[in-house]
Amino acid sequence: MTEQLRLMAVHAHPDDESSKGAATMAKYVSEGVDVLVVTCTGGERGSILNPKLQGDAYIEENIHEVRRKEMDEAREILGVKQEWLGFVDSGLPEGDPLPPLPEGCFALEDETVAAGRLVAQIRAFRPQVITTYDENGGYPHPDHIMTHTISMIAFEGAADTEKFPEAEFGPAWTPQKLYYNQGFNRPRTVALHEALLARGMESPYGEWLERWKEFGRAERTLTTHVPCADFFEIRDKALIAHATQIDPDGGWFRVPMDIQREVWPTEEYELAKSLVDTSLPESDLFAGIRDNA
């Protein structure tokens, strides 16, 4: 190849990069692809989800610093680069009716202004491929939805020097493909659930599948299945590095690794935009790009 392949993964909070597409990123890093994670917020309003760390006064008072250190560790494990966009976590509003979002949070930022920061990162890194969330955010967290919004604006805007002047945002760049992370898909969940039951084992997915029916979640189009089973252990190690967010004894890790590798050895994506010819389904985010690189 005459040009370095580069992948940018845009995420809302620290830990999202390790729970969505982490094995894919580790696989590409092993192949010499340059991978950059862009994290939109610092996760300041995220709850401490690991019961072993709940009630820790230091963590509660210094959650922003703690989560930055967790991100540093996960980044090293995955072998990726990482940049912060510098926005403030919006938190996940709960209640009926939902409370207003806090002033100054990411989800209330001007969309074009926020996208400008991502445009600057795209123009500096020059990725051929970008991954982000779909219009529902993967799940309806306001920061995930905002991440989708600015990613779509920035994908087009990185090439638009009228909307985002070169003097302020750097030389124009045109990414070739944009994908939505769809790793939490129903076919995968059903396959793992049934494989566990067939082996006489307890499944952590029964309640998930019931909620899927309850919420009436629409099926997404899975266009791209990236084989990355050899990197599932790296994925899990990176996720555990986010100690405030993940209980190492929790449901995330209840499916034995050998079953995961046998039953569902891929991570899934939905091709949302492409400026190159490609044939679906794909097994490579760079399909249609490698031959021209």
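Which residues does arginine 6 touch, not counting residues up to four places away in sequence? In this predicted model, local features need pLDDT of at least 70 and side-chain atom pairs count only at pLDDT 80 or more, whereas totals for chains, interfaces and linings use all residues. Residues are numbered from 1 along each chain as its sequence is written, and side-chain values use heavy atoms, with hydrogens and water left out.

Arginine 6 is found in strand 1, where strands (E, at least two residues) and helices (H or I, at least four) are DSSP runs numbered from the N terminus. With contact taken as heavy atoms within 4.5 Å, arginine 6 touches Val33, Asp34, Phe125, Arg126, Pro127, Gln128, Val129, Trp173 and Phe286. Its relative accessibility is 9%, and arginine 6 therefore counts as buried, a class defined as under 20% relative accessible area, against over 50% for exposed and the range in between for partly exposed (1.4 Å probe, protein chains only). A polar atom of the arginine 6 side chain lies 3.0 Å from the backbone oxygen of phenylalanine 125, and a polar atom of that side chain lies 2.5 Å from the backbone oxygen of arginine 126.

Strand pairing requires that DSSP find at least two bridges between two strands. An open sheet of 7 strands results, in the order 3-2-1-4-5-7-6 and with mixed pairing; strand 3 (81-87) and strand 6 (224-227) are its edge strands, each pairing on one side only. The twist from one strand to the next averages 30°. Strand 1 (residues 6-11) runs parallel to strand 4 (residues 129-132) and is joined to it by 3 bridges, and the partner of alanine 9 in strand 4 is threonine 131.

Among the helices, helix 2 (residues 22-30) is mostly covered, with 7 of its 9 residues buried, namely Ala22, Ala23, Thr24, Met25, Ala26, Lys27 and Tyr28. Just after helix 2, glycine 32 adopts a positive phi of about 95°.

The axes of helix 4 (residues 63-78) and helix 10 (residues 232-241), come within 8 Å and cross at roughly 170°, axes being lines fitted to C-alpha atoms, for helices over the stretch in contact, with angles between N-to-C directions running from 0 to 180 degrees. Helix 4 and helix 10 are therefore roughly antiparallel to each other, the class for angles over 145 degrees, with under 35 counted as roughly parallel, 65 to 115 as roughly perpendicular and the rest as oblique. In this contact, Glu70, Glu73, Ala74, Ile77 and Leu78 of helix 4 meet Ile234, Lys237, Ala238 and Ala241 of helix 10.

Key:
Polar contact = N/O pair within 3.5 Å; in protein donor to acceptor, adjacent residues only side chain to side chain.
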